[in-house]
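The structure comes first, followed by the notes on it.

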Amino acid sequence: MKNALVTGGSRGIGRAVSIALASEGYNVIINYVSNEKAAQETAEAVVAAGGTAELLRFDVGDAAAVAEALSAWRGKHPDEYIEVLVNNAGIRRDNLMVWQSPDEWSAVLKTNLDSFFFVTKEVLQPMLLKKFGRIVNMASLSGLKGLPGQVNYSAAKGGLIAATKALAQEVARKGVTVNAVAPGFIKTDMVDGLDEAALKKDIPMNRFGAPEEVASLVVFLASRAASYITGETISVNGGLYT
Ligand code: NAP
């Protein structure tokens, strides 16, 4: 069975991506950091969608933890490799720059950008050896446009977009594609507390998106049908920023 690793697969967009990959027949490795119950629920939904599921708990921003978890996975699956990696786990710690603390800055950079380096390093070599791989990075509108109150998050997501372009060129000849998806406002726990009624007035589609509307693009980018698309960042934002 083909293996796909979805970081932050327990909730929100990552859960929808896990379920969508399951319906393509993947064994989905669902990473999470703390919410075991949500991860279990995603695993059940993955099985219901026709896939198989494994839970893999680690903090994507902790290099040693990432290496340990993925080395244990390889130990358990010596003849397999992860052919699809969705770098999705992310957090936001919004604050205006004048009040932003060093902790808010580093937590966001660590979880949203360092994680790309730590996790991708662990799965890249087998993809190159097998001459097939798909890496999809969850960026954001914030990384394209920059959003006030999100200097940290915009920097992390902007960095992720640039890293996507650079890595895509390094690995293109080996059948590995690297793309980014840039959601606008998507209804998940992450946007809890935002004033949806006010914000949606600026969105041409006049609504927030659903996680499934992001997941369908991720599954396409992960498919063989997307074999000539690499280094791209594709927005899913209801027309908010084009
Ligand atoms: P969410 O509902 O808050 O879910 C976050 C997921 O990331 C959870 O599965 C969480 O695991 C996991 N996670 C957080 N920190 C982690 C860590 N250190 N190590 C491993 N897993 C970690 O967020 P979401 O809205 O689905 O966002 C998913 C991605 O889309 C993020 O990268 C986010 O920046 C991006 N995005 C979201 C929106 C939006 O409007 N929602 C817009 C643009 C971009 P636990 O369940 O264990 O906590």
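## Basis and a buried phenylalanine

F185 counts as buried because its relative accessibility is 19%, where buried means under 20% relative accessible area, exposed over 50% and partly exposed in between, with a 1.4 Å probe and protein chains only. The model is predicted, so local features need pLDDT of at least 70 and side-chain atom pairs count only at pLDDT 80 or more, while totals for chains, interfaces and linings use all residues. Residues are numbered from 1 along each chain as its sequence is written, and side-chain values use heavy atoms, with hydrogens and water left out.

## Aromatic pairs

Rings of Phe, Tyr and Trp (its six-membered ring) pair if their centres lie within 6.5 Å; planes under 30 degrees apart count as stacked, over 60 as edge-to-face and the rest as tilted. The count under this rule is two aromatic pairs. The ring centres of F117 and F118 are 6.2 Å apart and the planes are at 65°, so this pair is edge-to-face. F117 is partly exposed, at 49% relative accessibility.

The rings of F185 and F208 are stacked, because their centres are 5.2 Å apart and their planes are at 15°. This pair links distant parts of the chain, 23 residues apart: F185 is in the loop between β6 (176-183) and α7 (196-199), and F208 is in the loop between α7 and α8 (211-222). Helices (H or I, at least four residues) and strands (E, at least two) are DSSP runs, numbered from the N terminus. F208 is buried, at a relative accessible area of 4%.

## Charges over rings

A charge sits over a ring if NZ of Lys or CZ of Arg is within 6 Å of the ring centre and within 35 degrees of the ring normal. K2 lies over the face of Y26, 4.4 Å from the ring centre. The charged end of R224 is placed over the ring of F132, at 3.9 Å from its centre.

## Helix α4

Helix α4 (residues 102-130) has 29 residues and spans 41 Å from its first C-alpha to its last, close to the 42 Å expected; the expected span is 1.5 Å times one less than the number of residues. A kink of about 45° is centred on D114, the bend at a residue being the angle between axes fitted to the seven residues ending there and the seven starting there.

Buried residues of α4 include V108, L109, L113, F116, V123 and M127. Their cover includes β1 (3-6), α3 (63-76), β4 (82-87), β5 (133-138), α6 (151-171) and β6. T120, also in α4, is buried at 4% relative accessibility. Beyond its neighbours within four places in sequence, T120 is in contact (heavy atoms within 4.5 Å) with L85, N87, S115, I135 and L167.

## Positive phi

K131 follows α4 and is found in the loop between α4 and β5. Its phi is near 60°, a positive value in a residue other than glycine. K131 is exposed, with a relative accessible area of 52%.

N206, in the loop between α7 and α8, has a positive phi of about 60° and is not a glycine. N206 is partly exposed, at 43% relative accessibility.

L21 belongs to helix α1 (residues 12-22) and is buried, with a relative accessible area of 0%. L21 and V218 are 197 residues apart in sequence and 8.7 Å apart in space, C-alpha to C-alpha. Not counting residues up to four places away in sequence, L21 touches A4, V6, Y26, V28, V86, V219 and A222.
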